[in-house]
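Hi,

Here is the structure I promised to pass on to you. Have a look at it first, and my notes follow below.

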Amino acid sequence: MKYFKLILSFALTIGIFFALNTKFGSIPPIGKFLNPYSGVWQNETDESISGDISISGLKDKVTVHYDAQLIPHVFAQNDYDLHRAQGYITAKHRLWQMEFQTHAAAGRLSEIIGEGALNHDRQERRRGMGFGAEQAIIKMSEDEQTTALVQAYADGVNSYINELDSNNYPVEYKLLDYKPEAWTPKKTALLLMYMTKMLAGGDEDMEYTNALRLFGKERFDLLFPDFFDITEPIIPKETDWSYIDVPQTPAPFSEAVLDSIAETIDKPDPNYGSNNWAVSGKKSYSGHPILANDPHLGLNLPSIWFVMQLSTPNHNAFGATLPGALGVISGFNQHIAWGETNATRDVIDWYKIEFNEDRTKYKFDNQWKDVSVRVEEIKIKGKLSYKDSVLYTHHGPVIYDKNYKSERERAGYAMKWIGHIGGNNQKTFLDLNKSENYDDYVKALTHYTAPAQNFVFASTEGDIALWVQGKLPNKWEGQGKFLMDGSKSENDWQGFIPQPFNAHTKNPERGFVSSANQQPVDEAYPYFVYNDGYETYRNRVINDFFSSKDTFNIQDFKDLHNNNYNLKASELIPYMLETMDISNLTAEENEIYNLAKTWQYNNDMEEIGPSIWNAWWNILYDMVWDEFDVKNTVLNAPFTYQTIYLLKTKGDDAFMDIIETPEIETAKDLFKLSFSKAVKKLNSWKAENGDLNWVKYKGTFAGHLLQALPAFSRFDIPIGGGKNIVNATSENWGPSWRMIVEMTSPPTALGIYPGGQSGNPGSKYYDNFIDDWAAGKYHSLNFLQNDTATNVIIGTQTLTPSN
Amino acid sequence: MSKNIINFIATIILAILLSIFLPWWSVMTAALTTALFVPLKKAAVFFVPFLAILLFWIVYSYLLSSGNDFTLAKRIAILLPLGGDPYVLMLVTGVVGGLAAGIAAVFGKQLSLMVKKP
């Protein structure tokens, strides 16, 4: 009996230890997690923003002033110390995010989450994210200065990591039960790959190929024209291109490979976009140019941006940084201001590969070329590693083959992607931070490869400009719209558009520059450009606004950032209301019909019109393009603009017919059918949720990076706007950083983002900007001119060299 | 002083001391050790160290959290999920620690019975 009790109590003791020390599924190891001396209670802390910290490798003292928004103002004596401090300070506030994003980019989430992330990881490995980062490191290493600074940044991050013990790991480490690892320059390259994938990682080649095969060329061209009937390009139409003396690559006789493709890897959200603009002194209320930027990215917590001032005796930059990358990405210094919007171009092409018997060679120009194999070892928490061999051709990785989303034994599809070319994008930002004028800015841009961006510029000297910058292939007419034959060299990219011939404009006649992800140029530009999912609404609202009067002030800029005008709805709703058959509307339908009629097309929070439009349009769109719902075939339905164009001008086209029904429907019928369905949907939503106000219906949220974990996320953020609207705030993406800079000397700037400076969910600075951001408010950015603390500073930390 | 009170205080003091160099399971070590040297009887074997660590962890987590307006505790109380109430989270924290300590103490008691000659 005695022994039995002893053994039983011993087993219980071991059992409880095991139960409380082990992670079960998504439940953290509860004893480890909750105990007050090393668990989450230790993360209940305010930020430490004072005192001295000794950091190894610093050459000199670095002063870090914090203002009330927890923005660090870093004053270093040289560039090495500056970026070492940047790494240290960024890690201090955002370590978990930095590591998580780069783990995601590298396809290493299974290591921390377990088998559930294996598909994600395999996909990112096959996409060649690690390969691309390695190419970037090779390019970066050609420049000693960049290499040394990226290393200094990594050392700074590691100084912080080494200071930590497990008690003060960020809370997510405790939740997932793992440890931070050392930061490396490769992680900076991976972060840049993460951005490249997010912003230049999409294409429609496979979808277009299927559409071409199913519908034929004539129908395809009607649905997917290279240019829409209207264009309002980024670079003004009247631009003279006669200086360009390198011609477009001549087109070979090449035919698309019309394979049927069932499934593709995930594409980034095509809705990510941005706005930027600048007015010249002539168009500014004060005579100083004014510049604005608002990148529309996922609304996440911790936010993608971290705002900093980075200063040495030789330069002084301020703005939004990306945790993991060096320097300010969208911001200003004493002389210039700059900001980016995404400049999509077709920089992903697909090639069909024909292998030999044992897949060691592939056919190219009637010869056999060697395949190289990259073995991707994916470590999985609690399991054996998974190994995936990815075959590489000179085009790039063979993503789809018999081992992945394809059944073909001796064929595969290889991806040619600008993300695999390598480039020293980091140098562009380091140089922009120091640029003093237009020439410096142009020089800084020359290093920039991908993701192509529209870099807006303004200077205290009075210049405004916009360059569409990226390394862009000089394609033959039509190249890469569809799957190509990878065995013919004529289908390879034959070269790149020489950098000076990238489209740009400086001090245009109209007195402003702007971009909103629309067509970069019109058809007069001498290189092959076709519709890569370009925006067609925000650009017109912005350009109309700047053509509406002579001068603009800061309030005008704020108003435009927060402009909720739904141009898209205004171009279709009146037509639908007018042409649709309303003779048999039910009482419920009548009510919604009348509400739609009185709506003035503003997506303001309390309006019901936007909810009606949203429900109606989504149903109508799917009804029109029911032909695109084909089993085992990836297809993308035509773009919104073309859909509305066809509804209004070709209402009796065969595409309007619903194939499932015996009747032949026209656009007019679809309006009524979709309207009735929308009314039902809206009323059932209303019954469940109370009312149909747009703010509620839209339900904007900022989700934590771990699948929007509710505890660490913010829901029902009170803000209007929506897709294709200048205030692009949708359910989970929108203006991720709003900045306005007036080019006084020194510049005067406003900025805000939907998040907070701290990555710690236990900090009051975690999400404290969200309410002001939603209300359309801005914070003054305190641009300190020297390292003396002013009255806006609430704490100062001194980083000192340790010997 | 009754043995119960001595055990109670000794468990807390030992738990605090051991927590300096041991991880969370230092409460188990503490309770086990006190059970060996200050043996109790019947239900007290479990409940005295249970209450001692319950109190210790609740008070400690309250002290850490109250200075920060319970910001994180409220979020963790959604995560777990405990209705977002930080006090419930403290109670759960206390129960977790107490349970571990109590069970370890029962084992300690059995061990002490083995060591002692009958």
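Which residue takes a positive phi in the hairpin of S2(A) and S3(A)? It is A:Leu70, with a phi near 65 degrees, in a hairpin that has four residues between the strands. Please keep in mind that this is a predicted model.

I started from that hairpin. Strand S2 (residues 62-67) of chain A runs antiparallel to S3(A), and four bridges join the two. Within this pairing, A:Val64 has A:Val74 as its bridge partner. S3(A) is also joined to strand S7 (residues 306-312) of chain A, this time in parallel and by three bridges; here A:Val74 stands opposite A:Leu310.

In a regular strand, side chains alternate between the two faces of the sheet. Strand S3 (residues 72-75) of chain A has A:Pro72 and A:Val74 pointing one way and A:His73 and A:Phe75 the other, and all are buried.

Together with A:Ala278 and A:Phe457, A:Val74 touches the most other members of the largest nonpolar core, which has 166 residues. Helix H3 (residues 79-106) of chain A gives the largest share of this core, 13 residues. Another core, of 53 residues, lies apart from it and includes B:Ile12, B:Trp24, B:Ala30 and B:Val48. Beyond its neighbours within four places in sequence, A:Val74 has contacts that include A:Val62, A:Leu82, A:Ile89 and A:Met308.

Elsewhere in chain A there is an open sheet of four strands, in the order S16-S17-S11-S20 and with mixed pairing. Its edge strands are S16 (398-400) and S20 (484-485), each pairing on one side only. Strand S11 (residues 348-354) pairs with S20(A) in the parallel sense over two bridges, and A:Lys352 stands opposite A:Asp485.

Then there is helix H12 (residues 438-445) of chain A, whose buried residues are A:Tyr441, A:Ala444 and A:Leu445. They lie on the same side of H12(A) because they cover an arc of only 100 degrees around the axis. Among the elements covering them are strand S10 (336-342) and helix H11 (425-434) of chain A.

Finally, A:Ala667 lies in helix H19 (residues 667-689) of chain A. A:Ala667 counts as buried because it has 23 C-beta neighbours inside 10 Å, where 20 or more are needed. Setting aside neighbours within four places in sequence, A:Ala667 is in contact with A:Leu647, A:Gly651 and A:Met656.

Best wishes

Methods
Residues numbered from 1 in each chain as written. Chains lettered and ligands numbered in written order. Predicted model: local features only at pLDDT ≥ 70, side-chain atom pairs only at ≥ 80, totals over all residues. Core = buried A, V, L, I, M, F, W, Y, C linked by C-beta atoms within 7 Å. Buried ≥ 20, exposed ≤ 12 C-beta atoms within 10 Å, placed from the backbone. Contact = placed C-beta atoms within 7 Å. Pairing = 2+ DSSP bridges. Arc of directions from axis to C-beta.
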